[in-house]
Amino acid sequence: MVLSYETLFLACKVLLAVALFYVWVVRYENIKKEFLEYQLPSWLRDLVGILKLSFSVMIISNSKDLVWIGSMGIIILMMGAIGTHFKVKNSFPKMIPAIALSILCLIIIYLNNIL
């Protein structure tokens, strides 16, 4: 079986959307604890959550422009997350999800441009 670029593109988009939904909806209590631990305000937590969920909806759309905007939005938020991990001196393993989501968004952007 050969994996087509279209299939890979769809799989990446769905994986990203499901992962963000899971973290920001199903595991929201953990997000609340993390933001408290990092001494970040609740309004910022809520804004980040709204943005991440909005960007994930953009990414699963059929519009190339919305996919690009959503992917870039997630990358920018993940850069902020990585910066926060550095600021609070977290170990590298705690940064892996933000790095992985950034790489996934870069793959989505690449595939969005070639398809």
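Reader: Helices here are DSSP runs of H or I with at least four residues, numbered from the N terminus. With that settled, which helix gives the largest share of the lining of the largest pocket?

Author: Helix α4, with six residues. Bear in mind that this is a predicted model.

Reader: How much space lies in that pocket?

Author: The largest pocket holds about 640 Å³.

Reader: And which residues lie nearest its centre?

Author: I31, E34, K52, A81 and H85 do, out of 25 lining residues. Elements giving two or more residues to the lining are α1, α2 (28-37), α3, α4 and α5.

Reader: How does the lining divide by class?

Author: There are 16 nonpolar residues, four polar and five charged in the lining of the largest pocket.

Reader: Switching to packing. At what angle do α4 and α5 pack?

Author: About 160°, and their axes are 9 Å apart. Helix α4 covers residues 64-87 and helix α5 residues 92-114. Angles over 145 degrees count as roughly antiparallel, so α4 is roughly antiparallel to α5.

Reader: Is that crossing left-handed or right-handed?

Author: Left-handed for α4 and α5.

Reader: Which residues meet there?

Author: From α4, they are K64, V67, W68, S71, M72, I74, I75, M78, A81, I82, H85 and F86. Helix α5 brings K94, M95, A98, I99, L101, S102, C105, L106, I108, I109, N112 and N113. By class, the contact of α4 with α5 has 17 nonpolar, five polar and two charged residues.

Reader: What about α1 and α3, how do their axes cross?

Author: Helix α1 (residues 5-26) and helix α3 (residues 42-59) cross at roughly 155°, and their axes come within 9 Å. The same cut-off of over 145 degrees applies, which means α1 is roughly antiparallel to α3. The crossing of α1 and α3 is left-handed.

Reader: Who makes the contact?

Author: On the α1 side, K13, L16, A17, L20, F21, W24 and V25. On the α3 side, R45, V48, G49, K52, L53, S56 and I59. The contact of α1 with α3 counts nine nonpolar, two polar and three charged residues.

Reader: One more pair. How do the axes of α3 and α4 cross?

Author: At roughly 145°, with the axes of α3 and α4 coming within 7 Å. The crossing of α3 and α4 is left-handed.

Reader: Which residues make that contact?

Author: Helix α3 uses V48, L51, K52, F55, M58 and I59. Helix α4 uses L66, V67, I69, G70, S71, G73, I74, L77 and M78. Sorted by class, the contact of α3 with α4 gives eleven nonpolar, three polar and one charged.

Definitions and conventions:
Residues are numbered from 1 along each chain as its sequence is written. This is a predicted model: local features need pLDDT of at least 70, side-chain atom pairs count only at pLDDT 80 or more; totals for chains, interfaces and linings use all residues. Side-chain values use heavy atoms; hydrogens and water are left out. Axes are lines fitted to C-alpha atoms, for helices over the stretch in contact, and angles run from 0 to 180 degrees between N-to-C directions. Angles under 35 degrees count as roughly parallel, over 145 as roughly antiparallel, 65 to 115 as roughly perpendicular and the rest as oblique. A crossing is left-handed if the near helix is turned anticlockwise from the far one by less than a right angle, and right-handed if clockwise. Contact means heavy atoms within 4.5 Å. Ala, Val, Leu, Ile, Met, Phe, Trp, Tyr, Cys and Pro count as nonpolar, Asp, Glu, Lys and Arg as charged, and the others, Gly among them, as polar. On a 1 Å grid over the protein atoms alone, a cavity is a set of points where a 1.4 Å probe fits but cannot get out, and a pocket is an open set with protein on both sides within 12 Å along at least five of seven lines; lining residues have an atom within 4 Å of a point. Grid points are joined across faces, edges and corners, and a volume is the space filled by probe spheres set on the points.
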